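Dear colleague,

Please find below the structure that I am handing over to you. My findings are set out after it, and I would be grateful if you would read them alongside the coordinates.

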Amino acid sequence: MKAPEHRPWRVLQSEYLARRPWFTVRRESVELPTGAVVPEWYVFEFPDWVNVIARTREGLFVMISQYRHALGETRYELVAGTCETGESPLESARRELLEETGYGGGEWRQYMVTSPNPTNHTNRVYTFLAEGVERVAAQHTEAGEDINVYLMTEAEVRELLDGDEIMQCLHAAPLWRWMAERGGRGEAPRQTEK
């Protein structure tokens, strides 16, 4: 399919309002190709993030649960995290899986790349599929993490998706894609062409 016409906005003015590890935001005045001027547009700068759809040799999904303070709820999620400086997305994904669950090894491939919100976020989310992982170490979480690890069947993960129990849309999207590619027939996912 042909790419859409590229119609970038012109930045008239830009200033940082905050530069904190998890809150870096700038306010910009922009002019659209139509000539319209938007005096205040806010852009949030984040490092790239990673997600991992990890499955054991037995085909069980390695899922986690943790409390999410903004919602005030504990939910099931994929393993996920931030790309550290100097790490490739794959290295970050492997590190996050090992830290959060103690699982590692297996066959890894990049599964999909998305944007959390292309309207005002600068980062991308790299989702990896890790097949055949196994427990290789103890879980070692960071101070701000309280994570429980679960092994779930495909049917259990599908039940969570059907019931809107996976609230993090950046986790639900790749899991729904995985389910759609399998067609509910227990087949292996198709290889994605690059």
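The notes below go through the strands, a pair of helices and some individual residues.

Please bear in mind throughout that this is a predicted model.

I begin with strand β4, which spans residues 49–56. Eight of its eight residues are buried, so β4 is largely enclosed by the rest of the structure. The burial extends to both faces of β4: Trp-49, Asn-51, Ile-53 and Arg-55 lie on one side, Val-50, Val-52, Ala-54 and Thr-56 lie on the other, and all of them are buried. Strand β4 is joined to two further strands. With β7 (residues 79–82) it runs antiparallel, through four bridges, whereas with β10 (residues 125–135) it runs parallel, through eight bridges. Asn-51 illustrates both pairings: its bridge partner in β7 is Ala-80, and its bridge partner in β10 is Thr-127.

Strand β5 (residues 61–68) has six of its eight residues buried, so β5 too is largely enclosed by the rest of the structure. Five bridges connect β5 to β11 (residues 148–152) in an antiparallel arrangement, in which Met-63 stands opposite Tyr-150 of β11. Another five bridges pair β5 with β6 (residues 73–77), also in the antiparallel sense, and here Arg-68 stands opposite Glu-73 of β6. β5 and β6 form a hairpin with four residues between the strands, and in this hairpin Gly-72 adopts a positive phi near 70 degrees.

There is also an open sheet of three strands, in the order β1-β2-β3, with antiparallel pairing. Its edge strands are β1 (10–20) and β3 (37–45), each of which pairs on one side only. On average, and with direction ignored, neighbouring strands of this sheet are turned by 20 degrees against each other. β1 and β2 (residues 23–31) run antiparallel and are joined by nine bridges; within this pairing, Glu-15 stands opposite Arg-27 of β2.

Turning to the helices, α2 (residues 154–162) and α3 (residues 169–182) pack at an angle of about 125 degrees, and their axes are 11 Å apart. The two helices are therefore oblique to each other. The crossing of α2 past α3 is left-handed. On the α2 side, the contact is made by Glu-154, Val-157, Arg-158, Leu-161 and Asp-162; on the α3 side, by Ala-172, Leu-175, Trp-176, Trp-178, Met-179 and Arg-182. Of these contact residues, seven are nonpolar, four are charged and none is polar.

The loop between α2 and α3 contains Asp-164. This residue has a positive phi of about 55 degrees although it is not a glycine. Is Asp-164 buried or exposed? Its relative accessibility is 56%, so it counts as exposed, the cut-off being over 50%.

Finally, I would draw your attention to Gly-104, which is found in strand β8 (residues 103–104). Gly-104 is buried, with a relative accessible area of 10%. Leaving aside residues up to four places away in sequence, Gly-104 touches Leu-97, Val-133, Glu-134 and Val-136. Gly-104 and Lys-2 are separated by 102 residues in sequence and by 39 Å in space, taken from C-alpha to C-alpha.

With kind regards

How values were computed: Residues are numbered from 1 along each chain as its sequence is written. This is a predicted model: local features need pLDDT of at least 70, side-chain atom pairs count only at pLDDT 80 or more; totals for chains, interfaces and linings use all residues. Side-chain values use heavy atoms; hydrogens and water are left out. Buried means under 20% relative accessible area, exposed over 50%, partly exposed in between (1.4 Å probe, protein chains only). Two strands pair if DSSP finds at least two bridges between them. Axes are lines fitted to C-alpha atoms, for helices over the stretch in contact, and angles run from 0 to 180 degrees between N-to-C directions. Angles under 35 degrees count as roughly parallel, over 145 as roughly antiparallel, 65 to 115 as roughly perpendicular and the rest as oblique. A crossing is left-handed if the near helix is turned anticlockwise from the far one by less than a right angle, and right-handed if clockwise. Contact means heavy atoms within 4.5 Å. Ala, Val, Leu, Ile, Met, Phe, Trp, Tyr, Cys and Pro count as nonpolar, Asp, Glu, Lys and Arg as charged, and the others, Gly among them, as polar.
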